[in-house]
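Please read these notes with the model open beside you. Each point takes up one place in the chain or one group of residues.

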Amino acid sequence: MKELTIILNEVSPVMFYGVKNANLQMLRSLYPKVRIVGRDNVLKLYGEESELQTVSKVISSMEKHLYQFNKISLEDILNITNGEKTNEESVSGVVCYNINGKAIKAKSENQQTLIDSFYAKDMIFAVGPAGTGKTYLSIALAVKALKDKLIKRIILSRPAVEAGEKLGFLPGDMKDKIDPYLQPLYDALEDMIPQAKLSDMMEKNVIQIAPLAFMRGRTLSDAVVILDEAQNTTSAQMRMFLTRMGWNTKMIITGDPAQIDLPRGVRSGLIEATTLLDSIPEISIVRMSGKDIQRHHLVNKIVKAYKQNEETNEEKKLN
């Protein structure tokens, strides 16, 4: 009898073993000639060489499936064992899956345009009102690229611009003051990557989240780089960010021109960039509207109300 040790590097052992070790029990029932012992992220297999290699390949496929889809069922294990596609692998149009195994996919025509643009172009601007899924979908695309090993890291950034509150009056050190501005990025990542794995990735700088000011002087290669809330960049900041682009890198710039928090008289770098770069064929500018809003139905009505009010005020100024 031989022994084989397998270490689960990519996934949570708890999710791999299943509720009350149901997945492990399924493996044991499918391969009764192999003794399978699991402790933490280490699996030990005991049996004949040929049987060990077969079970090892199944376990590897199970780990890949769980890493890709954030879930694995007993039916999935049976399909993997039989060399068949799982239900998730048969579904088309899915970007990736959240930590609960829910599919993340386009829910509107413009969201699909954003996805298509990501695979066709290296630089994409996604412009539109709140709730259209610009940031969330962009991060989902970045996570998928990382899981597919098309890139080596994800870099997420935001300008730390005050929106009503003063940065200096917030408690704590500089990191504590800046983190609230970056929280929406953390929220999206935590919805797509299990907490333990996300912490490990951030510790190893596979995923980096930093204010825009920290981008200066860097060349960003082998990455998906996302600049969120880009309407709050100045012209100089936007130019600095766009010129950080290195080899095998995709950049997604998202923002809402209707929510500019810059001081009066300061031109938004997002508005300037989308005007200057609109004619470059290698750059895609995806313009979203109220029809793409995927939050509570009231959000769409709120956006429309504010937009109508702005248009009314503009008319009054002209008259």
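Is K20 buried or exposed? K20 is exposed, because its relative accessible area is 80% (buried means under 20%, exposed over 50%, partly exposed in between, with a 1.4 Å probe and protein chains only).

1. Basis. This is a predicted model, in which local features need pLDDT of at least 70 and side-chain atom pairs count only at pLDDT 80 or more, while totals for chains, interfaces and linings use all residues. Residues are numbered from 1 along each chain as its sequence is written, and side-chain values use heavy atoms, with hydrogens and water left out.

2. Two positive phi angles. K20 sits in the loop between α1 (13-17) and α2 (helices, H or I of at least four residues, and strands, E of at least two, are DSSP runs numbered from the N terminus). Its phi is near 55°, a positive value in a residue other than glycine. N205, also not a glycine, has a positive phi of about 65°. N205 belongs to the loop between α8 (195-203) and β8 (207-211), and is partly exposed at 46% relative accessible area.

3. A helix pair. The axes of α2 (residues 22-30) and α4 (residues 74-81) come within 10 Å and cross at roughly 35° (axes are lines fitted to C-alpha atoms, for helices over the stretch in contact, and angles run from 0 to 180 degrees between N-to-C directions). From α2, the residues A22, N23, M26 and L30 make the contact; from α4, L74, I77, L78 and T81 do (contact means heavy atoms within 4.5 Å).

4. A loop asparagine. N98 lies in the loop between β4 (94-97) and β5 (103-105). N98 counts as buried because its relative accessible area is 7%. Its side chain reaches the backbone nitrogen of N100 at 2.9 Å. Beyond neighbours within four places in sequence, N98 is in contact with F69, N70, I104, Y136, D191 and M192.

5. The cores. The largest nonpolar core has 58 residues, of which F16, L43, I59, I139, L189 and M192 touch the most other members (such a core is a set of buried Ala, Val, Leu, Ile, Met, Phe, Trp, Tyr and Cys residues joined through side-chain atoms within 4.5 Å). Helix α6 (residues 134-147) gives the largest share of this core, eight residues. Leaving out residues up to four places away in sequence, I59 touches I6, L8, F16, L27, L43 and L45. Another core, of 23 residues, lies apart from the largest one and includes M123, A210, L220 and V225.

Technical notes: Polar contact = N/O pair within 3.5 Å; in protein donor to acceptor, adjacent residues only side chain to side chain.
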